[in-house]
Amino acid sequence: MSPRPAARRDHWSALGLAVLALGYLLAGRRYPLDTLATPGPGIFPLAAGLALLALAVWQGLDGWWRPAALALAVTAASRLLFGTWLGVPLP
Amino acid sequence: MSDLFVALTPANLLACFAGVVLGTIVGVLPGLGPAGAMALVLPLTIKLGPTAGLIMLAGIYYGSMYGGSTTSILVNVPGEAASVVTTIDGYRLARKGRAGAALAIAAIASFVAGTFSVVALQLAAPFVARLALAFGPAEYFAFALLGVTLLANLTGGARAKSLAMVVAGIMLSTVGMDPLGGTVRFTFDVAGAQAGLSFIAVTAGLFGVAEVLATIAAPADFAPVARVPFRALYPSREELRRSVPPMLRGTVLGFLVGLVPGPAATIASFVSYGVEKRVSRYRHEIGTGAIEGVAGPEAANNAAAGGGMIPLLALGLPFTPSTAVLLSGMLLMSVTPGPFLLRDHPQVFWGVIGSFYIGNVMLLLLNLPLVGIFARVATIPPRYLMPGVLVLCSVAAYSDNNNAFDVWVMVGAGVLGYAMRGLGYDPAPLVLGLVLGPVLERSLLQALTIGRGDPRELWSSAPAAIMLVATAVVLLAPAARAGLRLWTRERAS
């Protein structure tokens, strides 16, 4: 069965947003990131571009893919926060 | 306290009247904006003396908040940034033939909120200004982040779509000079883009031009509003009753948001709309032309305008372009705002406060009788109205910086807005991102610099940490709920 027109439209618009985010990230590569202590002009556009890319991917997913992606993202973020950053020993 | 009556002298009454009339006109016409209008009349107000001059400038400031709703409701073109959210339900009410009711409720809500904020300003200025001072870059970043996350679900559409539009707006806000280092970004060597994308041009395009394109594309969908009898121009008892709770909520909320540095009136109107969508008894109607969607935001932006005066008068700190012009006016008139204003210039302080009461009454008396005249605009057939809207948008876009590039931005935003409608995206979150983008960037980079690159600086204080946790909860809770629902359904089947 083919997807509903609204769902198909959402997939196409998600693809458009992803292309926009990638184009923005590519254009933003020319601005230096510098360091976190002295953040450069490229750091905020990088964060914004990645956020839009993540949202575009999220919008393009449906069914079980969404909770699976969310679980994966939360696991990766927790690993980064507790394991890498705060140094809490994880099982 | 007897200095409060200084506002009643004929010269001050006249200055107040001239200010509120000019402010209403500025609010009705998109483009110039209150700060621009105040800057234009600044030389004249210096000649009037400090009290009358500042009363006139303040009148323009809060008068524009009243007038800003008029074009939002009638032609879907916000008069100024704080009225963007009013277009959502206001314009739909106008299409239903309730333009008069929406305009009247907007005027009444503005009056109630304006009066409340003056009373609160008078009583609470010293205390609340101290609270607002406690906001550093980290708290401000957390507050703005929580704000955009909460408000991303403004129109009741898909949360991911709204969040994507907020981020797209933030991305648009990065065009031009970066707020800290001054590096020019994403201009692609177009000289006109160096100052950034004009907010007015983007808004006029997304709302006004997109509306014109939609009317051209589907002329049959545009049913001109039938002329209604005079009595029906005003709100019914039911509409008045339904407006009271959102008006009160918007008033308190707007005043509190007004204390926080930034585009308070705009943020307050969006916050109020978001709150109404969650707590109103008629929340299912909001977005389809509900009076609550006009009463709450209109009350909030006027209350925020009053709240925004506290840091200016009590501390001498302007947080909006309009209060910055007011500060320059004070300094030019040898009046230094701050803790000693009350001691050194009691007549100026109380005279300006007193004029707020009088100005709010004047605005109500001015706006209510004009409702009938304004509401007739909605009955004009689109073949006459839409070219006018297009001219209005073009003039607004061009006059912002006297820059032809902004007119092209408006056209681009118009096409984008039209496409967004077709794909089910609402432009309001994008506008919010455009406004809050520089605030988020500046506060994030400042916090990182203060913390010497340690991101923990972002949640080093209790208020910032609480707001960031709340942001995470707001972001993750709906997805977790949806996942749980899906899991339960799968198990059941």
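Buried residues (20 or more other C-beta atoms, placed from the backbone, within 10 Å of their own) make up 58% of the 493 residues in chain B. This is a predicted model, where local features need pLDDT of at least 70, side-chain atom pairs count only at pLDDT 80 or more, and totals for chains, interfaces and linings use all residues. Residues are numbered from 1 along each chain as its sequence is written, while chains are lettered from A and ligands numbered from 1 in the order in which they are written.

**Exercise 1.** Work out how α8(B) and α18(B) pack.

*Solution.* Start with the elements: helices are DSSP runs of H or I with at least four residues, strands runs of E with at least two, numbered from the N terminus. Axes are lines fitted to C-alpha atoms over the stretch in contact, and angles run from 0 to 180 degrees between N-to-C directions. So α8(B) is roughly antiparallel to α18(B) (over 145 degrees). Finally, look at who touches whom: α8(B) brings residues including F199(B) and L206(B), and α18(B) brings, among them, P427(B) and L434(B). Contact here means C-beta atoms, placed from the backbone, within 7 Å.

**Exercise 2.** Describe the side of chain A that touches chain B.

*Solution.* First, the count: 24 residues of chain A are in contact with 26 of chain B. Then the elements: α1 (5-28), α2 (43-60) and α3 (65-85) of chain A each give two or more residues. The largest share, nine residues, belongs to α2(A).

Technical notes
Two residues are in contact if their C-beta atoms, placed from the backbone, lie within 7 Å. Angles under 35 degrees count as roughly parallel, over 145 as roughly antiparallel, 65 to 115 as roughly perpendicular and the rest as oblique. A residue is buried if 20 or more other C-beta atoms lie within 10 Å of its own, exposed if 12 or fewer, and partly exposed in between; C-beta atoms are placed from the backbone.
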